[in-house]
Amino acid sequence: MSRKPIIAGNWKMNKTAAEAREFIEAVKNQVPANELVDSVVGAPNLFVEGMTKGTKDSELKVAAQNCYFEDEGAYTGETSPKALGALGVDYVIIGHSERRDYFHETDEEVNKKAHAIFRNDMLPIICCGESLETYEAGKAEEFVGGQIKAALKDLSADQVASLVLAYEPIWAIGTGKSATKDDAQKMCAHIRSVVAGEFSQDVADKVRIQYGGSVKPENIADYMACPDVDGALVGGASLKVDSFLALLEAV
Ligand code: PEP
């Protein structure tokens, strides 16, 4: 089964609008063809309008970082998925461990957000991953399996086949301590088996699963060689033009 790789940068709360524009200008004509890889930049929500306009004639796709699960209403300070969809945003990253840890995002909210993202014609990139404590206790598969089942609740088979799952062990994010390729492969295969159990083997064969956690140009090829790893979600190494392009070229 061949799945198109997807490399997504997650800028987190970095860059100003001017810096984001500069980045887009520098990379937009050097991104590999869309048939080879989906190249995505996850910008702070504040800049996504500029990003969608700036990437219009390019193969680069835009992700927002998080959104609320209601389309509109009295939710001061939240980001409307309806507004993101109307701006032409392609993906929304949800369930990132930083959102879960610092902002107490629950599995139930991640699921509601996934529904809201589909409702507004975008695709979710749903993050999952265990803490070091859970990993060391040998409970990572059980924990991540639970996150996946909760996140995908009541989505249709077609929706699940089209979305992206990102396995990001918390102990590997921003630490420089990446998971081994065997660890990444084992967990991505497990996630795929959970999807097969909840939906079907056909859906599991279609869903794309990324690895994330200290991915850089020097190690991305190791992960991409794993049969169940379909791409990477990348924080630090996606911030610089050269390393972002190197990540795309390694696919
Ligand atoms: C991330 O934030 O999703 C991430 C994987 O960060 P880093 O690549 O910096 O570890």
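**From the ligand shell to the helix contacts**

Modeller: The shell around the ligand is made up of 5 nonpolar, 7 polar and 2 charged residues, and please keep in mind throughout that this is a predicted model. There are 14 residues around the ligand, and those that come nearest are Ile-173, Gly-174, Gly-212, Gly-235 and Gly-236.

That shell belongs to a protein whose secondary structure comprises 12 helices and 8 strands. The radius of gyration is 17 Å, close to the 18 Å that the globule rule gives for 251 residues, so the protein is as compact as a globular protein of that length. The C-alpha trace spans about 45 × 45 × 35 Å along its principal axes.

Turning to the helices, I would begin with helix 7, residues 140-151, whose axis lies 8 Å from that of helix 5, residues 107-119, at a packing angle of about 40°. The two are therefore oblique to each other, since angles under 35 degrees count as roughly parallel and the roughly perpendicular range begins at 65. Helix 5 passes helix 7 in a right-handed crossing. On the side of helix 5 the contact is formed by Asp-107, Glu-108, Val-110, Asn-111 and Ala-114, and on the side of helix 7 by Gln-147, Ala-150 and Ala-151. Sorted by class, this contact holds 4 nonpolar, 2 polar and 2 charged residues.

Helix 7 contributes Ala-140, Glu-141, Val-144, Gly-145, Ile-148 and Lys-149, while helix 9 contributes Met-187, His-190, Ile-191, Val-194, Val-195 and Glu-198. The residues of this contact divide into 7 nonpolar, 2 polar and 3 charged.

Helix 1, residues 17-27, and helix 12, residues 241-249, form another pair, packing at an angle of about 45° with their axes 10 Å apart. That angle makes helix 1 oblique to helix 12, and the crossing of these two helices is right-handed. Phe-23, Ala-26 and Val-27 of helix 1 meet Val-241, Phe-244 and Leu-245 of helix 12. By class, this contact has 6 nonpolar residues, with no polar and no charged ones.

How values were computed. Residues are numbered from 1 along each chain as its sequence is written. This is a predicted model: local features need pLDDT of at least 70, side-chain atom pairs count only at pLDDT 80 or more; totals for chains, interfaces and linings use all residues. Axes are lines fitted to C-alpha atoms, for helices over the stretch in contact, and angles run from 0 to 180 degrees between N-to-C directions. Helices (H or I, at least four residues) and strands (E, at least two) are DSSP runs, numbered from the N terminus. Angles under 35 degrees count as roughly parallel, over 145 as roughly antiparallel, 65 to 115 as roughly perpendicular and the rest as oblique. A crossing is left-handed if the near helix is turned anticlockwise from the far one by less than a right angle, and right-handed if clockwise. Two residues are in contact if their C-beta atoms, placed from the backbone, lie within 7 Å. Ala, Val, Leu, Ile, Met, Phe, Trp, Tyr, Cys and Pro count as nonpolar, Asp, Glu, Lys and Arg as charged, and the others, Gly among them, as polar. A residue is near a molecule or strand if its C-beta atom, placed from the backbone, lies within 6 Å of it. The radius of gyration is taken over C-alpha atoms; the globule rule is 2.2 Å times the number of residues to the power 0.38.
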